[in-house]
Amino acid sequence: MILITILFNERNMNKKLLFVLLCVSFKSCGYWINPRYSKMSKKIQEEYKIEPLESIKEFSRDRNAYEIYSTDVQTTKDLIQYSEKPYTLVVFYAHWCTPCHKNMPEVVRFEDQNKDSLNLICISSSDWLEKEKEITYLKKYQVGQKTSLIIDYKGYGDEFMNWNRIANFLSELVPKKYSRENEFTIALPHYLLFNSNMKLLKENGAPFLATDFEKYLN
């Protein structure tokens, strides 16, 4: 930051060079904010690795303990299409998101009241080092669906900047509505209601109003 300030004060500043430096600095902010990434050995990284959800059988509401898996779009589609329940509510959230905390109790009540017909999929945009924080979040609100998912950053972003992961993820999950070519961001939390044919019935951000979604459930 000091270097950038000095460059701004130079009368003969090269604007192109400054632009490149700003871009590099912005891209590298993950290292400054989270030095644990650059200092972490490969061995320790493996210890934090979140295994992918390889079977929809692993995604069960009746698990005894909370668990986190990484996911991609195809796996998420399988969870929606092959669910025994006709509807699926996909919740994009993060444990550090204040509106997510505020709205989660209402989401949990909605899921519990409609558990016979509604499948709940919680997908976090947090990074892969924060698995325990995600589990703490789920326990805090006693989420009935004890399996939660984290977006695989290798396919939809990177480990340093996680705010574009949901947008990239949605560009494949709902391609008719979103495009990865168009730069956009999705505010958290974000809710999408699908039927088993992958038809998007309802979508909105906070606040979560159960009455807006109930009318789509037969």
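Predicted model: local features only at pLDDT ≥ 70, side-chain atom pairs only at ≥ 80, totals over all residues.

Student: Is histidine 190 buried or exposed?

Tutor: Histidine 190 lies in strand E5, which spans residues 190-195. Its relative accessible area is 9%. The cut-off for burial is under 20%, so histidine 190 counts as buried.

Student: With which side chain does the side chain of histidine 190 make a polar contact?

Tutor: A polar contact requires a pair of N or O atoms within 3.5 Å. For the side chain of histidine 190 the distance is 2.7 Å, and the partner is the side chain of glutamate 203.

Student: How far apart in space are histidine 190 and asparagine 204, C-alpha to C-alpha?

Tutor: In sequence, 14 residues separate histidine 190 from asparagine 204. In space, the distance between their C-alpha atoms is 6.1 Å.

Student: Which strands stand at the edges of the sheet?

Tutor: The open sheet has six strands with mixed pairing, in the order E1-E4-E3-E2-E5-E6. Two of these strands each have a single partner, so one side of each is left without a neighbour in the sheet. They are strand E1 (67-71) and strand E6 (200-205).

Student: What is the average twist from one strand to the next?

Tutor: Along the order E1-E4-E3-E2-E5-E6, the twist from one strand to the next averages 25°.

Student: In which sense do E2 and E3 pair?

Tutor: Strand E2 covers residues 87-93 and strand E3 residues 118-124, with seven bridges between them. In E3, leucine 118 is the bridge partner of tyrosine 87, and asparagine 119 is that of threonine 88. Helix H7 (residues 98-113) forms a right-handed β-α-β unit with E2 and E3. The sense of the pairing is parallel.

Student: Which residues of E3 point the other way from Leu118, Leu120, Cys122 and Ser124?

Tutor: In a regular strand, side chains alternate between the two faces of the sheet. In E3, seven of its seven residues are buried. Opposite to the direction of Leu118, Leu120, Cys122 and Ser124 point Asn119, Ile121 and Ile123.

Student: Which residue in E4 stands opposite isoleucine 123?

Tutor: E3 and E4 run parallel and are joined by two bridges. Opposite isoleucine 123 stands a residue of E4, leucine 149.

Conventions: Residues numbered from 1 in each chain as written. Heavy atoms only, no water. Helix = DSSP H or I, 4+ residues; strand = E, 2+ residues; numbered from the N terminus. Buried < 20%, exposed > 50% of the residue type's maximum accessible area, 1.4 Å probe, protein only. Polar contact = N/O pair within 3.5 Å; in protein donor to acceptor, adjacent residues only side chain to side chain. Pairing = 2+ DSSP bridges. Axes fitted to C-alpha atoms, helices over the stretch in contact; angles between N-to-C directions. Right-handed = clockwise from strand over helix to strand, strands pointing away.
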